[in-house]
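This report goes through selected features of one protein structure. Please keep the sequence and the coordinates at hand while reading.

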Amino acid sequence: MINYLCTYCLKEIREAADCAEDLVSHGICYDCLSREMARYGQALEAFLDTFREPVFVVDEHNDILGANKVARRRVNGGLLTLSKSLHYPPVFGCLHLDNAAGCEEGIQCLSCTIRSTVKETYETGIACSRIPACNDLRALDGDRKVEFFITTEKIGESVFLHLQRNTVIEPAV
């Protein structure tokens, strides 16, 4: 019998399979994968807190879903926190975060596109509409590229950010 276990927590990943010998095949479960991926990136809420500019996250009806610390201070913290029901990728981050320009060679990842769009809108006051960005996700059932549209608008001294996930999810190349 072959037992399929998570390398980290030793939880069974899938049903055991028949085999002449007793064997163990190691992999990683979704919970441990999320924890390991978090070491290389951050959740959306933590990502937003890296902005010096006040950023509010709004939905398609312009209802405020969440905000970074700077924005919450402006409204005395009376806002909802970001909900897991937003269905955004759990990890935001870029290997080139220390590089002021973000990603190299002009191709911007999701977090760098959000960062540059929010900063531009905050500094210039010019709204950005449906700026395309993508995020490559690694999952046990295969890698995927998830596409987003980013819209920003400055109202007063705050930036309102709308992340719209494209309905098309392609296999990552």
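This is a predicted model: local features need pLDDT of at least 70, side-chain atom pairs count only at pLDDT 80 or more; totals for chains, interfaces and linings use all residues.

Strand β1 covers residues 2-6, and four of its five residues are buried, so the strand is largely enclosed by the rest of the structure. Its pairing with strand β2 (residues 12-17) is antiparallel and rests on three bridges. Within this pairing, Leu5 has Glu12 of β2 as its bridge partner. Five residues lie between the two strands of the hairpin, in which Leu10 has a positive phi near 65°.

β1 also pairs with strand β3 (residues 23-27); here the strands run parallel and are joined by five bridges. In this pairing Asn3 is opposite Val24 of β3.

## Val55 in strand β4

Val55 belongs to strand β4, which spans residues 55-58. With a relative accessible area of 0%, Val55 is buried, since the cut-off for that label is under 20%.

What does Val55 touch, apart from neighbours within four places in sequence? Its contacts are Leu48, Gly66, Ala67, Asn68, Ala71, Val118, Val159 and Leu161. For one of these residues, Ala71, the C-alpha atom is 5.8 Å from that of Val55, although the two are 16 residues apart along the chain.

## The largest nonpolar core

The largest nonpolar core has 16 residues, and the members that touch the most other members are Leu48, Phe51, Ile114, Val118, Ile150, Leu161 and Leu163. At least two residues of this core come from each of α2 (44-48), β4, α4 (110-124), β7 (144-155) and β8 (158-171).

Ile150 has contacts beyond its neighbours within four places in sequence, among them Leu110, Thr113, Ile114 and Thr117. Its other partners include Cys128, Ser129, Arg130, Ile131 and Ala133, as well as Leu161, His162 and Leu163.

## Aromatic pairs and charges over rings

How many aromatic pairs does a search of the whole structure find? There are two. One is formed by Phe47 and Phe51, with 5.4 Å between the ring centres and 85° between the planes, an edge-to-face arrangement. Phe47 counts as buried at 2% relative accessibility, and Phe51 counts as buried at 4%. The other pair is Phe56 and Phe160: the ring centres are 4.9 Å apart and the planes are at 15°, so this pair is stacked. It links distant parts of the chain, since Phe56 is in strand β4 and Phe160 is in strand β8, 104 residues apart. Phe56 and Phe160 are both buried.

Charged side chains also lie over rings. The charged end of Arg115 sits over the ring of Phe51, at 4.8 Å from the ring centre. Likewise, the charged end of Lys154 sits over the ring of Tyr122, at 4.6 Å from the ring centre.

## Helix α4

α4 has 15 residues, which should span 21 Å at 1.5 Å a residue. The C-alpha atoms at its ends are 21 Å apart, so the model agrees with that expectation.

Which residues of α4 are buried? They are Leu110, Ser111, Cys112, Thr113, Ile114, Thr117, Val118 and Thr121. Of these, Ile114 and Val118 are also among the core residues that touch the most other members. After α4 comes Gly125, with a positive phi near 80°.

How values were computed. Residues are numbered from 1 along each chain as its sequence is written. Side-chain values use heavy atoms; hydrogens and water are left out. Buried means under 20% relative accessible area, exposed over 50%, partly exposed in between (1.4 Å probe, protein chains only). Two strands pair if DSSP finds at least two bridges between them. Contact means heavy atoms within 4.5 Å. A nonpolar core is a set of buried Ala, Val, Leu, Ile, Met, Phe, Trp, Tyr and Cys residues joined through side-chain atoms within 4.5 Å. Rings of Phe, Tyr and Trp (its six-membered ring) pair if their centres lie within 6.5 Å; planes under 30 degrees apart count as stacked, over 60 as edge-to-face and the rest as tilted. A charge sits over a ring if NZ of Lys or CZ of Arg is within 6 Å of the ring centre and within 35 degrees of the ring normal. The expected span of a helix is 1.5 Å times one less than its number of residues.
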